[in-house]
Amino acid sequence: MVILRHGHPDGDAIGSQFALKAYIEKYYPNCKVYALGMDEDPYGMVGPMDTVDQTTFESSLILALDCGNIERLDSPYEIKNQMIIKVDHHLNNTPYGDIQDVDDTCGATCQLLWRRFKEMGKPLDEKIAYLLAFGLITDTVSFSAGYTSVETINAYADCLSYGIDHVELFKNATSVTVDAFRGATLIRQYAIIEDHVAYTIIDQAMLDRHGLKLEDVRDYVNELKGIKDVEVWMIATPDPENPHGFKVSLRSYKANINAVAIKHNGGGHLAASGCSATDRNEVLCIVEELKQAANLS
Ligand SMILES: [Mn+2]
């Protein structure tokens with residue numbers, strides 16, 4: 001079997017992918033399992049990705065983790081008629097797969113996996129627990145996001161019981177590079193705050209002027225979290241596939257910003273979504289729609 005997750009992976013995508021791989025290898029040693037995708041490991045959590053030949057891939061069961069729509073799966077080969085099991089916590093607006101285990105009340109795919117592992121009744125180990133805990137911390141923004149629940153905290157406590165160093169884990173899950181730290185400063189410096197919405201639009205010229213790269217800014221929308229009277233926050237960063245376009249990250253405490261994301265070819269969760277804009281004007285439209293969403297909440 002092969003385990004896939006979404007492209008441009010985050011801590012939950014990689015954590016769930018490698019936790020499931022470790023679990024299968026531990027309890028089903030006869031089963032060959034490969035964790036596939038581009039070698040992108042922003043937190044340095046795991047080694048290089050596995051590789052398989054196309055024939056093996058096409059005869060393998062696919063476990064698809066943390067990925068709401070099939071187009072976003074990071075797969076080395078085209079998916080043909082293989083059986084797919086989807087395990088995910090995004091809103092299931094774009095269902096796919098022969099079996100779907102989707103619970104959008106989970107703070108992370110790692111939380112859903114933890115639940116399934118507990119149901120199996122077999123103990124985890126330190127490695128599996130570390131990977132699951134990593135996904136829990138990163139996807140819930142250190143347990144501050146709205147979908148953090150009693151189960152999220154119980155899952156984390158259970159993971160810690162396998163001997164994980166909580167301080168070391170938090171350090172690894174929340175530290176950023178020096179350039180990303182500078183990028184975060186840029187996001188704050190250029191923030192506009194209006195009608196309960198905080199937003200920053202960063203274009204390529206701005207990045208060039210400050211000697212920064214896209215990866216130094218695109219994941220740091222939560223730099224705008226925590227401003228008094230702000231309910232919704234957003235960043236727009238250059239879309240590498242469209243010279244005038246932007247990728248837009250949306251977050252809120254409780255306002256439904258997913259509806260805005262869907263209008264602009266995106267998706268995600270009720271309070272954490274992403275979408276695209278073809279130009280700056282569309283970004284400004286999104287801002288206006290967010291103001292409405294913020295004022296309804
Ligand atoms: Mn996730």
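What follows is a short chat about this structure.

Q: First off, is this a predicted or an experimental model?
A: It is a predicted model.

Q: Let's start with helices. How do H3 and H4 meet?
A: Helix H3 covers residues 109–120 and helix H4 covers residues 126–139. Their axes come within 7 Å and cross at roughly 140°.

Q: And what do you call that arrangement?
A: Oblique. An angle counts as roughly antiparallel only over 145 degrees, so H3 and H4 are oblique to each other.

Q: Which residues make the contact?
A: From H3, Thr 109, Cys 110, Gln 111, Leu 113 and Trp 114. From H4, Leu 132, Gly 135 and Leu 136.

Q: How does that split by class?
A: The H3 contact with H4 has 5 nonpolar residues and 3 polar ones. No charged residues take part.

Q: Stay on H4. Is it mostly covered or mostly open?
A: Mostly covered: 12 of the 14 residues in H4 are buried. Among them are Ile 128, Tyr 130, Phe 134 and Asp 139.

Q: What do those buried residues pack against?
A: Four helices are involved. The buried residues of H4 pack against H1 (11–27), H3, H5 (150–160) and H6 (166–174).

Q: How does the length of H4 compare with what its residue count predicts?
A: It agrees. At 1.5 Å a residue, the 14 residues of H4 should span 20 Å, and the end C-alpha atoms are 20 Å apart.

Q: What comes after H4?
A: Val 141 follows H4, and its phi is positive, near 50°. Phe 143 sits in the loop between H4 and H5. Phi of Phe 143 is also positive, near 65°, though the residue is not a glycine.

Q: Which other loop residue has a positive phi?
A: His 8 does, at about 45°, and it is not a glycine. His 8 lies in the loop between E1 and H1. With 15 C-beta neighbours inside 10 Å, His 8 counts as partly exposed.

Q: Switching to strands. What does E1 pair with?
A: Strand E1 (residues 2–5) pairs with E3 in the parallel sense, over 4 bridges. Arg 5 has Leu 65 as its bridge partner in E3.

Q: What else does E3 pair with?
A: Strand E4 (residues 84–88), also parallel, over 4 bridges. Leu 65 stands opposite Val 87 in E4.

Q: Which faces of E3 are covered?
A: Both faces of E3 (residues 62–65) are covered. Ile 62 and Ala 64 are buried on one side, and Leu 63 and Leu 65 are buried on the other.

Q: Now the six-stranded sheet. What's the order?
A: E6-E7-E8-E9-E11-E10. The sheet is open, and the pairing is mixed. E6 (192–194) and E10 (267–268) are the edge strands, each pairing on one side only.

Q: What packs on that sheet?
A: Helix H10 (residues 280–296) does. H10 touches E7 (197–201), E8 (232–238), E9 (246–252) and E11. The direction of H10 makes about 165° with that of E7.

Q: How is E10 joined to E11?
A: E10 and E11 (residues 272–277) pair antiparallel over 2 bridges. Gly 268 has Ser 273 as its bridge partner in E11.

Q: And E9, how is it tied in?
A: On one hand, 7 bridges join E8 to E9, running antiparallel. Met 234 stands opposite Leu 250 in E9. E9 is also joined to E11 by 6 bridges, again antiparallel. There, Ser 249 has Gly 274 of E11 as its bridge partner.

Q: How enclosed is E9?
A: Largely enclosed by the rest of the structure, because 7 of its 7 residues are buried. Phe 246, Val 248, Leu 250 and Ser 252 are on one side. Lys 247, Ser 249 and Arg 251 are on the other, and these are buried too.

Q: Last one: what's around Ala 277?
A: Ala 277 lies in E11. It is buried, with 23 other C-beta atoms within 10 Å. Beyond its neighbours within four places in sequence, Ala 277 contacts residues including Ala 236, Phe 246, Val 248, His 264 and Ile 286.

Q: How far is Ala 277 from His 244?
A: Their C-alpha atoms are separated by 8.8 Å, with the two residues 33 apart along the chain.

Methods. Residues numbered from 1 in each chain as written. Predicted model: local features only at pLDDT ≥ 70, side-chain atom pairs only at ≥ 80, totals over all residues. Axes fitted to C-alpha atoms, helices over the stretch in contact; angles between N-to-C directions. Parallel < 35°, antiparallel > 145°, perpendicular 65-115°, else oblique. Contact = placed C-beta atoms within 7 Å. Nonpolar A, V, L, I, M, F, W, Y, C, P; charged D, E, K, R; others polar. Pairing = 2+ DSSP bridges. Buried ≥ 20, exposed ≤ 12 C-beta atoms within 10 Å, placed from the backbone. Expected span 1.5 Å × (residues − 1).
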